[in-house]
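Subject: Structure handover

Hello,

Here is the structure I said I would pass on. Please open it first; my notes on what was found come after it.

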Amino acid sequence: MKSIISFITIVIMSLGIGADNAPQITEIPENSQFEVNFIDVGQADSALVICDGEAMMIDGGNVADSQLVASYLKERNIDALEYVVCTHAHEDHAGGLSAVLSVADAERIYAPEKKADTKAYKNFVKKANERNLEIENPAAGENIYLGSSTVEFLGPINEKDKDTNNTSIVLKITYGDTSFLFTGDAEREEEEEILESGMNLKSTVLKVGHHGSETSTSYPFLREIMPEYAVISCGKDNSYGHPHEETLSKLIDAGTEILRTDKSGHIVMKSDGKTITVSTEK
């Protein structure tokens, strides 16, 4: 499973380049495969990324979604994860991760420094401890690898004096000429800090921040991304009014194709490194 990435790592090491600061992988090996599964967890967030037989989970929905996300992994015969990412400590992102760690081994776990004094987040930390896994706080600019894709952490830039949404881990996954930007619940404040950092935000797919809330996806942020596709994870007829009409209007003005879990169910995107194909499953 690790043969492709091991070869690349050997090449990097031979050049004397540290893994976290290594250049992005641009060459895709023959028979390579990549897909992102945006799991329909209602008014919550969860995504499963698979590349060359390696898997990463980004958020796990609410506690009530535990059985759903666990079953989703089992149905795809995934019992090992290279990475588990909790974008931030709110229950609708961290709640189902305890179940994920119950059905799959994990190599590394990432979460922001800021924690939450909630049962859901404490259970996530407890399960990580039971697995003898240290929760790491990634630095902006750090790179990791999933198969022949590159995962770059873009935020948070600074967690000091921020509300929990604005401590969200923002990451970009690049596979060949295609890329996927995950923004957690980052709002305008964190978006502005990432913009000021000069990070490359251009992406083929945007997982829209904060379920399409009007407090996220600012015009300056969207202009730097200019996605072909936008995925919004939200619950049908949710009480928050997500996604907000203003956010939808911005995406439409940008010429972006919008996909929503409340309308389409699970959304699966596969990339060959050049183009993306989309399928949905209610």
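**Salt bridges**

Arginine 260 has a relative accessible area of 17%, so it is buried. Its partner in a salt bridge is aspartate 262, with 2.7 Å between the closest N and O atoms. Aspartate 262 is buried as well, at a relative accessible area of 12%. Please keep in mind that this is a predicted model.

Side chains of opposite charge can pair when their charged atoms come close.

One of them joins the side chains of lysine 162 and glutamate 193, at 3.1 Å from N to O. Lysine 162 is in the loop between β8 and β9, while glutamate 193 belongs to helix α6 (residues 188-197), so this pair ties together parts that are 31 residues apart in sequence. Lysine 162 is buried, with a relative accessible area of 7%. Glutamate 193 also counts as buried, at 18% relative accessibility, because the cut-off for buried is under 20%.

The other is between the side chains of lysine 127 and glutamate 130, at 3.2 Å from N to O. Both residues lie in helix α5 (residues 119-130), 3 residues apart, which is about one turn of the helix. Lysine 127 counts as partly exposed at 22% relative accessibility, and glutamate 130 counts as partly exposed at 47%.

**A negative patch, and a buried strand residue**

Which residues form the negative surface patch? They are Asp163, Glu189, Glu192 and Glu196. Aspartate 163 sits in the loop between β8 (149-155) and β9 (170-175). With 39% relative accessibility, aspartate 163 counts as partly exposed.

For contrast, take isoleucine 58 in strand β3 (residues 54-60). Isoleucine 58 counts as buried, at 3% relative accessibility. Along the chain, isoleucine 58 and aspartate 163 are 105 residues apart, and 20 Å separates their C-alpha atoms.

**The two sides of helix α8**

Helix α8 covers residues 245-253, and its buried residues are Thr247, Leu248, Lys250 and Leu251. These four lie on the same side of α8, because they cover an arc of only 160° around the axis. Exposed residues Glu245, Ile252 and Asp253 are carried on the face turned away from that buried side.

**Backbone details**

Where are cis peptide bonds found? One runs from glycine 155 to proline 156, with omega near 10°. Proline 156 is in the loop between β8 and β9. Another joins histidine 242 and proline 243, where omega is about -5°. Proline 243 is in the loop between β12 (229-232) and α8.

Methionine 226 is partly exposed, with a relative accessible area of 36%.

Regards

How values were computed. Residues are numbered from 1 along each chain as its sequence is written. This is a predicted model: local features need pLDDT of at least 70, side-chain atom pairs count only at pLDDT 80 or more; totals for chains, interfaces and linings use all residues. Side-chain values use heavy atoms; hydrogens and water are left out. Patches are made of residues with over 30% relative accessible area and no salt bridge: like charges are joined within 9 Å, nonpolar side chains (Val, Leu, Ile, Met, Phe, Trp, Tyr) within 5 Å. Accessible areas come from the Shrake-Rupley method with a 1.4 Å probe; for residues, only the protein chains shown count as cover. A salt bridge is a side-chain nitrogen of Lys or Arg within 4 Å of a carboxyl oxygen of Asp or Glu. Lys and Arg count as positive and Asp and Glu as negative; His and the chain ends are not counted. The place of a charge is taken as NZ of Lys, CZ of Arg, CG of Asp or CD of Glu. Buried means under 20% relative accessible area, exposed over 50%, partly exposed in between (1.4 Å probe, protein chains only). The arc is that of the directions from the helix axis to the C-beta atoms.
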